[in-house]
Amino acid sequence: MTEKKAYLNIEGHDPIELPILSGTLGADVIDISNLGSHGYFTFDPGYTSTGACKSSITYIDGEKGILLHRGYPIEQLAEKSDFLEVCYLLFYGELPTAEEKSEFIKTIGTHTMAHEQLSFFFRGFRRDAHPMSIMCGVVGALSAFYHDAMDITDARHREITANRLVAKIPTLAAMSYKYSIGQPFVYPRNDLDYASNFLHMMFATPCEEYKVSPVLAKAMDRIFMLHADHEQNASTSTVRLAGSSQANPFACIAAGIATLWGPAHGGANEACLQMLMEIGDESRVDEYVERAKDKNDPFRLMGFGHRVYKNYDPRAVVMQKTCDEVLAELGINDEPLFRIARKLEKVALEDPYFIEKKLYPNVDFYSGIILRAIGIPTSMFTVIFALARTIGWISHWNEMVSEPYRIGRPRQLYTGHPQRDYPE
Ligand code: SDX
């Protein structure tokens with residue numbers, strides 16, 4: 001097939017020929033990697049129109065509201081798969097056979113404990129530290145424990161690193177919660193499935209047996225899956241950029257956690273629940289929708305809008321269904337926040353401002369309500385997001401490091417002083 005080309009016409013210049021590359025799905029891209037040799041750079045703050053890499057892990061169609069993990073639609077995975085199986089799919093590229101899946105579950109089980117020394121890192125934090133600040137610290141600290149078995153050019157080392165992260169992140173997440181409430185850390189239990197083990201570490205105490213509700217464990221597993229990966233979002237791009245300098249992968253994941261924490265990104269689930277609590281009553285929904293439309297008011301509807309989705313976020317659709325199921329199973333479907341959320345969604349989706357700007361509920365809109373129903377404290381919402389997204393981050397890191405790559409080094413449009421001399 002003849003290669004398509006783009007031609008850039010700049011006054012006083014011969015036309016610059018740029019190759020156009022096509023992927024399996026989605027928009028073609030114009031390869032501008034040689035544009036610098038013609039004395040020009042592109043300018044795209046926020047990367048609204050810039051592709052930074054090739055990837056075969058996740059595909060999103062923002063107009064159609066499609067999300068595929070290695071080609072499988074998220075709706076089908078949510079219905080038929082589970083989080084650890086999706087972890088395997090994202091990292092290795094194919095769904096595991098029954099034998100491969102059981103082997104993977106066993107492998108993850110052998111890495112769930114954190115090194116005893118790691119618990120001393122928690123002691124340095126004040127008890128009221130935000131759990132995400134603790135996670136930035138302790139996940140980064142893992143780079144001090146595995147730096148010796150870390151030849152990132154060795155596929156087996158990369159695989160062990162991924163297994164360690166998937167296995168330990170729930171343990172560290174639960175430890176950050178226990179620390180904040182002054183309760184003793186609870187060790188992982190390898191006889192429990194991944195989500196049940198996490199809930200057990202979160203809510204069990206040494207004083208009595210804690211039985212994990214299968215309903216809540218299933219909802220937790222579904223939430224992990226819906227947050228597992230999402231192509232080149234801000235935190236994944238951070239992990240790729242950090243990894244491009246050949247940095248320790250645990251330190252790269254800590255950088256991803258830091259990026260995810262922002263309320264414009266993974267912090268939106270916590271911000272969304274706080275927004276629903278602030279609205280407080282269905283009668284105040286219109287007031288807040290008006291505020292969200294007011295350019296002079298910094299307030300935005302948290303859990304609404306997305307850089308890529310200009311249609312429903314397919315994860316929000318699954319999340320809403322899960323929310324209905326969990327609240328019904330728990331007999332709290334008159335949950336006032338859920339009613340406020342449903343009213344807010346209805347009002348916003350009928351409002352010309354939101355229609356014109358194609359603002360729809362995103363993954364964070366309903367997740368907070370389910371997490372609250374499960375008993376997860378609001379301050380842990382983004383930690384749950386980071387726990388789930390760790391497999392996406394390390395899969396993208398592994399994909400990048402497995403192929404030839406260069407350090408990421410964007411350019412700029414300089415608007416500072418021209419050269420000037422130091423005053424005599
Ligand atoms: C996640 O990238 C990913 O894939 C992220 C994620 C993942 O899985 O990794 O999907 C997870 O981060 C989901 C997004 C969670 N964040 C929120 O819910 C916070 C609220 N949303 C907004 O802050 C915003 O929509 C963003 C940050 C999500 C997207 O920002 P963009 O793409 O830069 O869009 P924008 O801010 O330029 O908004 C476009 C217009 C603006 O109006 P104009 O300046 O054109 O007049 O839409 C308006 C914005 O004011 N707008 C909103 C709005 N979101 C955008 N107005 C009111 N409420 C909102 N929520």
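Predicted model: local features only at pLDDT ≥ 70, side-chain atom pairs only at ≥ 80, totals over all residues.
User: Which residues make up α16, and what does the helix reach from end to end?
Analyst: Helix α16 covers residues 363–374, twelve in number. From its first C-alpha to its last it reaches 17 Å, close to the 16 Å expected at 1.5 Å a residue.

User: Is that helix mostly covered or exposed?
Analyst: Mostly covered, with eleven of the twelve residues of α16 buried. Among them are Val-363, Phe-365, Tyr-366, Leu-371 and Ile-374. Asp-364 is on the buried list too.

User: What do those buried residues pack against?
Analyst: Several helices: α7 (194–203), α8 (214–226), α11 (268–279), α13 (314–329), α14 (336–349) and α17 (381–402).

User: Which residue caps the N-terminal end of α16?
Analyst: Asn-362 does, with a side-chain oxygen 2.8 Å from the backbone nitrogen of Asp-364.

User: And what follows the helix?
Analyst: Gly-375, and its phi is positive, near 105°.

User: Changing topic. How many cavities of 30 Å³ or more does the structure hold?
Analyst: One. The largest cavity has about 30 Å³ of space.

User: Which residues line the largest cavity?
Analyst: The lining consists of Cys-87, Phe-91, Phe-104, Ala-162, Asn-163, Val-166 and Ile-391.

User: Which helix gives the largest share of that lining?
Analyst: α6, with three residues. Both α2 (83–92) and α6 (155–180) supply at least two.

User: How does the lining divide into nonpolar, polar and charged?
Analyst: Six residues of the lining are nonpolar, one is polar and none is charged.

Notes:
Residues numbered from 1 in each chain as written. Heavy atoms only, no water. Helix = DSSP H or I, 4+ residues; strand = E, 2+ residues; numbered from the N terminus. Expected span 1.5 Å × (residues − 1). Buried < 20%, exposed > 50% of the residue type's maximum accessible area, 1.4 Å probe, protein only. Contact = heavy atoms within 4.5 Å. Polar contact = N/O pair within 3.5 Å; in protein donor to acceptor, adjacent residues only side chain to side chain. 1 Å grid on protein atoms, 1.4 Å probe; cavity = no way out; pocket = protein on both sides within 12 Å on 5 of 7 lines; lining within 4 Å. Points joined across faces, edges and corners; volume = space filled by probe spheres on them. Nonpolar A, V, L, I, M, F, W, Y, C, P; charged D, E, K, R; others polar.
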